[in-house]
Structures are given as structure tokens and as C-alpha cells.
Amino acid sequence: MLGVWTPDQIRAAEQQLFARTPEPVVMRRAAHAVAVHTARVLTEVTDGVAGRRVALLVGAGNNGGDALWAGAFLRRRGVGVTAVLLAPEKAHAAGLAALRRAGGRAVPAEGASADTSGIGAEAADAVERADVVIDGIVGLSARGSLRPTAAELVRRVSVPVVAVDLPSGVDPVTGAVDGPVVQADLTVTFGGRKPCHVLGAGAVCSGEVEVVDIGLDDHLPAPELRVLRPAEIGADWPVPGPSDDKYSQGVVGVAAGSATYPGAAVLASGAAVQATAGMVRYAGPAADVVRSRWPEVVATGSVGDAGRVQAWAVGPGIGLGASGRDVLQHVLESGRPVCADADSITLLANDPTLWDARDPDVPLVLTPHAGEFARLTGQELGPDRVAAAREVAARFDAVVLLKGNTTIIAAPDGRVLVNDAQHAWLATAGSGDVLTGLIGALLASGVEPWLACGYAAHVHSLAADLAAHGETDDPTEPGAPIGASALLEAVPLAIRKIRRAALA
Ligand SMILES: NC(=O)C1=CN([C@@H]2O[C@H](COP(=O)(O)OP(=O)(O)OC[C@H]3O[C@@H](n4cnc5c(N)ncnc54)[C@H](O)[C@@H]3O)[C@@H](O)[C@H]2O)[C@@H](O)CC1
Ligand SMILES: Nc1ncnc2c1ncn2[C@@H]1O[C@H](COP(=O)(O)OP(=O)(O)O)[C@@H](O)[C@H]1O
Ligand SMILES: [K+]
């Protein structure tokens with residue numbers, strides 16, 4: 001797993017590090033890495049380093065200091081470096097002196113110009129003529145939207161950007177963006193990923209993220225968030241072994257769909273069929289439709305007749321009436337792990353007495369989208385989705401998978417996984433039903449619920465990406481919209497891909 005630490009955690013670790021290693025030494029380490037990676041980007045973009053031009057966007061803090069030192073290192077490799085200073089009197093003094101000593105120049109961001117933007121002509125020229133821009137406007141101490149001059153500078157950038165620590169304009173803690181923002185091609189960050197690198201708009205604006213070791217490792221606490229690597233999911237994905245049979249791998253029960261919504265039953269059951277090799281039982285009014293689409297599913301009309309299962313996936317399309325309520329109650333009383341999605345969540349919100357049906361010692365997974373989340377909690381979801389998911393997981397003693405472009409998975413003990421889709425192909429009707437089936441199958445196979453959600457969310461978003469891109473591996477292929485059936489069809493491709501990653 002990749003760790004993600006909050007700015008406060010990083011700052012506290014830095015203070016411990018500084019007791020051993022002086023701050024300027026740490027900063028030069030960080031800046032040297034920025035310079036090395038910028039040289040790599042310059043080579044990719046222009047086929048060379050010496051003689052190329054780099055503009056530094058320099059704010060008033062240490063983030064600007066990193067950029068200035070990086071500029072000094074790049075000068076030594078023959079790069080023409082101009083620093084654009086947003087607050088000339090507050091620019092990091094040692095960094096600025098180092099840049100000047102190395103032959104770089106500095107110009108104020110504001111000044112006389114040909115237009116009314118307030119950006120000086122020299123600054124505008126430096127940004128326009130650069131081959132690559134280094135963004136050192138603001139880092140861990142960023143607060144609110146970019147100030148007007150910084151925002152104007154950012155608007156003018158049209159070349160590849162290397163962001164120092166994080167792309168300026170994103171909230172370091174939530175990844176939220178409110179106003180102009182740097183779209184980085186590469187973000188060079190120090191000691192560990194920060195939440196903004198993996199959450200929402202911040203993840204998109206960060207581009208590729210390179211974590212540089214500056215000596216913080218020994219001082220970092222347990223990470224605030226975690227991101228699963230494809231290879232570790234592939235290595236742990238349940239597949240049959242020589243001594244397995246259909247029962248030993250876990251039987252998942254799917255309670256979904258209705259006469260009005262048979263599709264939810266087909267999609268959730270199909271996802272369970274594709275996810276693992278054991279057995280899928282379907283229980284509900286769509287038994288005939290499910291059987292005709294998935295003949296391997298053992299389908300019955302009601303949850304009472306379903307037979308033994310190791311876990312239940314319940315909710316999509318069951319409705320909010322008495323029959324949906326009875327289904328949910330039966331499943332919660334079964335003493336088996338449950339993934340409760342869609343209508344089950346609204347049923348629980350509408351009738352809190354349903355919680356009494358649950359055995360508190362048996363794992364429960366809730367998979368709300370933002371609307372269901374608001375119903376469940378009685379509060380609209382704010383920008384801090386991590387804190388919200390964590391709070392609800394603790395309150396209901398359940399694993400909470402909060403859906404969205406970035407999926408947040410919080411365990412009752414506070415652990416949080418993040419799955420950033422990096423695309424939006426999943427924004428299609430029925431894709432949530434597929435996710436429910438995947439999670440149910442993994443629960444039945446005995447995968448720990450928090451991880452089951454993380455594995456399912458990853459395979460779900462990967463399957464959507466593969467489906468949208470069709471046969472080609474060409475990264476420039478723009479893709480085409482998919483429906484949930486195409487998503488379902490791509491689930492085995494996604495599982496093969498992560499299992500292949502595990503072999504590498
Ligand atoms: N502490 C250290 O020694 C290290 C820190 N490092 C760098 O230091 C950075 C943190 O430095 P600082 O704490 O000095 O703070 P920053 O450089 O992140 O930002 C502080 C400055 O940005 C301004 N600012 C805040 N929000 C703004 C906005 N919305 N628009 C425009 N300007 C805004 C503030 O007024 C302040 O002057 C890290 O991100 C990293 O780049 C690295 O050098 C590694 C070591
Ligand atoms: N814009 C988006 N980008 C990435 N993933 C998305 C986006 N919108 C929705 N998703 C994902 O698609 C799924 C939708 O689930 P849900 O809202 O329950 O839809 P449905 O009920 O139609 O199946 C969730 O896994 C969610 O995380
Ligand atoms: K930055």
C-alpha cells in the first residue's frame with residue numbers, strides 16, 4: 001500500500017528530522033530532486049537540457065524556496081532560468097541568492113505591462129517563452145483559492161509544469177479546487193504523498209506524482225490514508241486452488257432487483273459470477289431473468305429459500321416498500337457479512353429500527369453515493385469526504401465506501417483507503433450494481449471487508465477504463481462511453497491485468 005500523510009503529519013515529522021539534519025540541507029535535497037525531474041521533463045519535451053528555458057513561479061514561502069534552489073541546480077546544467085517573484089521582498093533569501101550566484105535572473109510578477117492584468121512584461125515574457133515551468137507558488141501552507149496575481153500567472157502557463165510538492169490552487173488536505181489551478185504534468189513531493197495527490201480534482205491536477213526521500217521515513221506516523229497497488233490486489237485476488245470446490249471458495253447471495261428493475265439483479269449477479277469462481281445464489285423477483293442471462297446462478301424467488309451463503313450483497317433495485325424492507329431485515333439477521341447498497345441504505349435511513357436486525361459482531365459494508373450518504377446521516381456531504389466517511393464508519397460500526405470520482409473506503413477503526421478512478425466512465429446507470437456484486441463475492445471468499453471494498457473499487461474503475469478504451473493500449477486513444485453491461489464484460493480483463501501486475 002502507498003501511504004498518504006496530512007500536511008500536519010508531514011510538518012511534525014519534519015520538525016523531528018530538523019533536529020538531526022539542518023533545514024537548509026533538507027530543502028536542498030528536496031530542490032535537487034525537483035531539478036533532476038525537471039531535467040527529465042525538459043529532455044522529454046525538447047530532447048535536451050542545456051540551452052533550454054525554465055520559468056520558476058515563486059511564492060513567499062519555502063515552496064518558492066524549493067523552486068529557487070531547483071533553478072540554481074538547473075542553471076549549473078546550462079538551463080536559462082528566470083524566477084517570477086510573486087512577493088519579491090519575501091522570496092526565500094538563500095534560494096534567491098543561490099539562483100543569482102548560479103547566473104539565474106529574477107523578475108517581479110507584477111509590474112508595468114502592455115495589458116491591464118497587472119503581470120509585468122518581463123514576467124509574462126518569461127512564462128511565455130519557457131519550455132517548462134516550475135510551480136513554487138504555494139505548497140503545504142496553501143489556504144483558499146489562489147490570490148489574483150498568482151491566479152493570473154497560472155492562467156498564462158501553456159507549457160508542461162513541474163509542481164513543487166503540490167499543484168498550486170488545490171487544497172492540500174481535501175484535494176478540492178476552487179478557482180484557477182496549476183495543471184501539473186509532474187508533481188515532485190517530499191517524504192510521502194499528501195491527500196491532495198490522491199483525492200478528487202487534486203489528483204487530476206497533480207499529474208504523475210514522484211515521491212522523493214528527504215529522510216522523513218523514520219519520523220512518519222501511520223499514514224492518514226492508503227492507496228492499494230494493483231500488484232498487491234492481484235496477488236491477493238481469490239482464485240481456486242487444486243483442493244477447492246464451488247463451496248470452499250464461498251457462496252455469495254445476491255438480493256437485488258424487482259419486477260420493475262430486473263436489470264439491477266442481472267448486473268449485480270453477473271458481477272459476482274465474474275469476480276470469483278465459487279457460487280452465486282440469487283434471491284428475488286427477477287430470478288427468471290437472472291437465470292436466462294447467467295445460467296450458472298442458482299436462482300430462487302425469495303431470500304428465505306436461498307440456501308446457505310457466506311455473504312450477502314443486497315439492495316440494488318429492491319425498492320423502498322415492505323418487500324424491500326423484509327429482504328433487508330432477513331439478510332441482516334442472517335449472521336453473514338453483508339454489503340448493503342442503494343435501496344438498502346435508504347431503507348436504513350428511513351427506518352432506523354432495521355439496525356436492530358444486525359448482529360453487531362458481523363461485518364457490514366455500506367456503499368452510499370452522495371445522496372444516500374446525506375439520507376443516512378441527515379447532512380449534506382461537504383468537501384472533506386474523508387472525514388465524513390470516517391465519521392459515519394465509526395458511528396455505524398461498518399465499512400463505508402463513499403462513491404464518487406474518488407472512492408473513499410473508511411473502516412470503523414479509522415483506516416481509510418482511497419481509489420481515484422482517474423476517469424469518469426463509471427458515471428453510468430447500473431455501474432453501482434456491478435460494484436455491489438464484486439464486493440459481495442469478495443466478502444463471500446473471506447477477504448477482509450475493508451480490503452474487499454478496496455479491491456472491488458480498483459477492479460471496477462479499471463474495468464471501466466478498459467471497456468472505454470476497447471482493444472487498444474494506445475494511451476492517446478480517447479475512449480468512448482460505456483454502459484454497465486460493457487463494464488461487466490470487462491471485469492475479467494481487469495482481474496487478469498492486476499494478476500499479471502502481481503507476477504511482474
Ligand atoms: N519545512 C521544510 O524544511 C521543508 C519544506 N519544504 C517546502 O516547504 C513548503 C511549505 O512551506 P511554507 O510552510 O513556507 O509554506 P508555502 O510555501 O506552502 O506557502 C506559504 C506562502 O504562500 C502564501 N499563500 C498561502 N495561500 C495562498 C494562496 N491561496 N494564494 C497565493 N499565496 C498563498 C502564504 O501567504 C505564504 O506566504 C512545502 O510545500 C515544501 O515545498 C521542502 O523544502 C522540504 C523541507
Ligand atoms: N464521475 C465519476 N467518476 C468516476 N466514478 C464515478 C463517477 N460517478 C459515479 N462513479 C462510480 O460509479 C458507481 C455508481 O454507482 P451508483 O451511484 O450506485 O449508480 P447506479 O445506482 O446507477 O448503479 C460508483 O462506483 C461510483 O463511484
Ligand atoms: K506548488
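**Reading loops and helix packing**

Modeller: Asp-397 is partly exposed, having 15 other C-beta atoms within 10 Å. The model is predicted.

Biologist: Which cut-offs lead to the label "partly exposed"?

Modeller: A residue with 20 or more such neighbours is buried and one with 12 or fewer is exposed, so a count in between gives partly exposed. The count for Asp-397 is 15.

Biologist: Where does Asp-397 lie, and what is its phi?

Modeller: Most residues other than glycine have a negative phi. Asp-397 is not a glycine, yet its phi is positive, about 50°. The residue sits in the loop that joins α14 (385-396) to β16 (399-402).

Biologist: What is the phi of Gln-422, and is this residue buried or exposed?

Modeller: Gln-422, again not a glycine, has a positive phi of about 65°. Its loop runs between β18 (416-420) and α15 (431-444). Gln-422 is exposed, with 12 other C-beta atoms within 10 Å.

Biologist: Now a helix. Which residues of α6 are buried?

Modeller: An α-helix has 3.6 residues a turn, so residues three or four places apart point the same way. In helix α6 (residues 148-156), the buried residues are Thr-149, Ala-150, Leu-153 and Val-154. Their arc around the axis is only 140°, which puts them on the same side of α6.

Biologist: What do the buried residues of α6 pack against?

Modeller: Their partners are β2 (53-58), β3 (80-85) and α5 (121-129).

Biologist: At what angle do α16 and α18 pack?

Modeller: For a pair of helices, start with the angle and the axis separation. Helix α16 (residues 449-469) packs on helix α18 (residues 491-503) at about 110°, and the axes are 8 Å apart. This makes α16 roughly perpendicular to α18, because angles of 65 to 115 degrees are put in that class. The crossing is right-handed.

Biologist: Which residues of α16 and α18 meet?

Modeller: From α16 they are Val-459, Leu-462, Ala-463 and Leu-466, and from α18 they are Val-491, Leu-493, Ala-494, Ile-495, Lys-497 and Ile-498. By class, this contact has nine nonpolar residues, one charged and no polar.

Biologist: How do α15 and α16 pack?

Modeller: The angle between α15 and α16 is about 140°, with 9 Å between their axes. That makes α15 oblique to α16. α15 passes α16 in a right-handed crossing. Among the contact residues are Leu-438 and Leu-442 of α15, with Ala-456, Val-459 and His-460 of α16. The classes here are 12 nonpolar, one polar and no charged residues.

Definitions and conventions: Residues numbered from 1 in each chain as written. Chains lettered and ligands numbered in written order. Predicted model: local features only at pLDDT ≥ 70, side-chain atom pairs only at ≥ 80, totals over all residues. Axes fitted to C-alpha atoms, helices over the stretch in contact; angles between N-to-C directions. Helix = DSSP H or I, 4+ residues; strand = E, 2+ residues; numbered from the N terminus. Parallel < 35°, antiparallel > 145°, perpendicular 65-115°, else oblique. Left-handed = near helix turned anticlockwise from the far one by under 90°. Contact = placed C-beta atoms within 7 Å. Nonpolar A, V, L, I, M, F, W, Y, C, P; charged D, E, K, R; others polar. Arc of directions from axis to C-beta.
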